[in-house]
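Colleague: I'm new to this one, could you walk me through it while I look?
Modeller: Gladly, ask whatever comes to mind.

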Amino acid sequence: MTFVINILSLGIPFSVALLIASLGEMFNQRAGIFNLGCEGMMAMGAFLGMLVPYLVGQGSYVPGYYNYLGLLLALAVGALLGLVFGVVVVTFRAPQGIAGIGMQMFGVGTAGTLFRHFIGGTQSVPGINVAPIPLLSDIPVLGVLFFNHNPLVYVAFLMVPSAWYLLFKTPWGLKVRAVGTHPRAADSIGIDVNKVRFQALMVGGALAGLAGAYLSLCQAKMFSDGIIAGRGFIAVALVYFGHWHPVKIMGGALLFTLAQALQLAIQGLGIDFPYEFLVMLPYVMVIIVLAFSRKSQITGPAALGKPFNREIRA
Amino acid sequence: MTNRFKTGYKIGVIILAIITAMALGAVILLAIGADVFKTYIVILTRPLMNKIGVTEVLLRMVPLSIIAIGITVAYRSGIINIGAEGQMAIGVLSTTAIALLFPNLPGYVLIPFAILAGAIGGAAWGFIPGFLKAKLQVSELLSTVMLNYIAAQLYTFLLRGPMLDPAEMTMGSGTPQSMRLSKNLDLTRFIKGTRIHTGLFIALALAVIIYFLLWKTSFGFKLRAAGASSKAARYGGINVPKYLIIAMMISGAFAGMAGSIEIAGVHRRAIEGVTSGYGFSGIVVALFGGLHPAGIVPAAFFFGLLIYGADMTQRIVGVPANMVQVLQGIIILVIVSTKMIINNPYLMQKVESRINSFRKKGSAQEETV
């Protein structure tokens, strides 16, 4: 029993980076943009997120609000990269898959370059610590599982209903879904397709940046080149897996990270099993899940990946 | 629209694109307080100053061009293969396995055998995303990336375990690498004092072969037709899924061979980080080379220069070698945008009418004066 609780309480914070990033990617894809650059945006967020508290601290005490300044910076750089990506794929209508790879290389490369210049080596930051919710965290079992995490974990899970509300209950959400499903129809009733796509890309980018900063400030409490480790790509896959719906995406994120937590737990138990195969597990799962969710792709946003050109009849 | 205007327009756009790319790179360089001009000069010229520099660039050109040509085959059939990194790793493993199992075979048997094994390994790794795309409509972008991570884990597992150098085991320094592979596998280094090896000629030969395969055979025509318009190709009786899978296997085989040649020619043992981003750089090379072997060979030289030059900037101007990844990312973004701008007739007309009205205004003003 304690073993199971351990796995679960370990897995929940692990899922947060994936959850935030894939909620952002969901907005992109709902608006019809396949953003494979998520990984790069996360890397930039991860680096800039920890840069502020690191530069302020340099070994001494860091007041907590600098961490949040880092988070803000990560959100901003994510939105900025979303904007850049928008110029390439929305304004110039470049093919999104290959442009996403460019964005990924640019983000990961820039984060690595800046990291070497400003920090240099493995340096940890105090980061954002666990903030148990008073009273609720005292509940046996449930307290440990749900109310004993760092603040961003709560925020991330509150984002799920917020994203749902934003997407399905607000005029903006309707516009996003319209430009991702039938941009021409949206255009004919006066929605500025490109503007909405830009907005969605900036929201998605900002969330990707935040997800990256979560990794460097809350999870690893440091930055390294491989810190994102493909989470950006897994986030993209999770959106398919979660049928472009926030709640299902959350389910997917939890499922994936439970596999990861299980892997850590098995290592912790000292069972002699090559850990490389355990590390592989999430990636193998992505492929299997994608292979068996073929039907879901039909129900996805109809205009996903298709640039919109209002000057050409299609 | 005059032809002169069209060419002028295209050249203008390309020059603008180059300036944009360099300016974006300059932003990052300025952020780390580097001397922008000096950095670019070092990257682009310093490696070409001496014999060793040039051969080192050629050395990097070998895997880049082989991988880029493989990526081109996939791209032309409608698949973007970003899994070359993983396919290359599997190629290295297959070659290492053969060399460890049959160290005593003579070179003229072992080398082709080991490279073939690398090709088969890479092809098998490329088959998976090809099959998933053709039969189950799984996005190759995601499946190939995932297979990269899986291959990387498999690679470390084998290098730390079954393929670990026995010397490392007794010395216990813990470097995960295989033992020095059989000398019979060595590709000849044909210029004394440098590392450049005969793999260079294999790379050039493969480029020629793919040119003939894609542009001079009916197989190549069908493959390109499948990529250019899969609906039309299907209507024309081409079995599109079959060509997707074959193209992906060729692509994987090339990446695998690049891995085999890299260890037979350069490292002579399987080491960690042997792929070192070649799989991703290959995508840039393929795009930069216009997805054609004749363009890819010079493009591979250019990016070999960038990669080696970026190594030097670290020592000379203190710019981290990661800068090359930044530049590659920027180049991809700029190339795909530029292509769309050049192929946009509406934009071209707009620009032309602007210029024309501007000229009229100018001449009208002259008359009034």
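Colleague: At what angle do helix 4 of chain B and helix 12 of chain B pack?
Modeller: Bearing in mind that this is a predicted model, helix 4 of chain B, which covers residues 84–101, packs with helix 12 of chain B at an angle of about 130°, and their axes are 7 Å apart. Angles over 145 degrees would count as roughly antiparallel, and these two helices are therefore oblique to each other.

Colleague: And is the crossing left-handed or right-handed?
Modeller: Helix 4 of chain B and helix 12 of chain B make a right-handed crossing.

Colleague: Which residues meet there?
Modeller: From helix 4 of chain B come B:Ala84, B:Glu85 and B:Met88, and they meet B:Tyr278, B:Gly279, B:Phe280 and B:Gly282 in helix 12 of chain B. Sorted by class, the residues of this contact are four nonpolar, two polar and one charged.

Colleague: Over to chain A, then. How do helix 11 and helix 12 of chain A pack?
Modeller: Helix 11 of chain A (residues 246–269) and helix 12 of chain A (residues 275–292) pack at an angle of about 175°, with 9 Å between their axes. The cut-off for roughly antiparallel is an angle over 145 degrees, so that is how helix 11 and helix 12 of chain A are described relative to each other.

Colleague: What does that contact consist of?
Modeller: On the helix 11 side of chain A there are A:Phe256, A:Ala259, A:Gln260, A:Gln263, A:Ile266 and A:Gln267, while helix 12 of chain A brings A:Tyr275, A:Leu278, A:Val279, A:Leu281, A:Pro282 and A:Met285. By class, this contact holds nine nonpolar and three polar residues, with no charged ones.

Colleague: Stepping back, how many helices and strands does chain A have?
Modeller: Chain A has 13 helices and zero strands. Its radius of gyration is 20 Å, close to the 20 Å given by the globule rule for 314 residues, so chain A is as compact as a globular protein of that length. Along the principal axes, the C-alpha atoms of chain A fill a box of roughly 60 × 45 × 40 Å, and 51% of the residues in chain A are buried.

Colleague: What about chain B, how many helices and strands there?
Modeller: Chain B comes to 15 helices and zero strands, and its C-alpha trace spans about 90 × 60 × 35 Å along the principal axes. Of its 369 residues, 49% count as buried. If you take the contacts in chain B between residues at least 6 apart in sequence, 76% of them join residues at least 24 apart.

Colleague: I clicked on B:Thr45. Is it buried or exposed?
Modeller: B:Thr45, which lies in helix 2 of chain B (residues 36–45), is exposed, because 12 other C-beta atoms lie within 10 Å and a residue counts as exposed at 12 or fewer. The C-alpha atoms of B:Thr45 and B:Pro129 are separated by 40 Å, and the two residues are 84 residues apart along the chain.

Colleague: Last topic: how many residues does each chain give to the contact between chain A and chain B?
Modeller: Chain A gives 40 residues and chain B gives 37. On the chain B side, helices 1, 5, 6, 12 and 14 each supply at least two residues, and helix 14 of chain B has the largest share, with 12 residues. The chain B side that touches chain A is made up of 27 nonpolar and 10 polar residues, with no charged ones.

Notes:
Residues numbered from 1 in each chain as written. Chains lettered and ligands numbered in written order. Predicted model: local features only at pLDDT ≥ 70, side-chain atom pairs only at ≥ 80, totals over all residues. Contact = placed C-beta atoms within 7 Å. Helix = DSSP H or I, 4+ residues; strand = E, 2+ residues; numbered from the N terminus. Nonpolar A, V, L, I, M, F, W, Y, C, P; charged D, E, K, R; others polar. Axes fitted to C-alpha atoms, helices over the stretch in contact; angles between N-to-C directions. Parallel < 35°, antiparallel > 145°, perpendicular 65-115°, else oblique. Left-handed = near helix turned anticlockwise from the far one by under 90°. Rg over C-alpha atoms; globule rule 2.2 N^0.38 Å. Buried ≥ 20, exposed ≤ 12 C-beta atoms within 10 Å, placed from the backbone.
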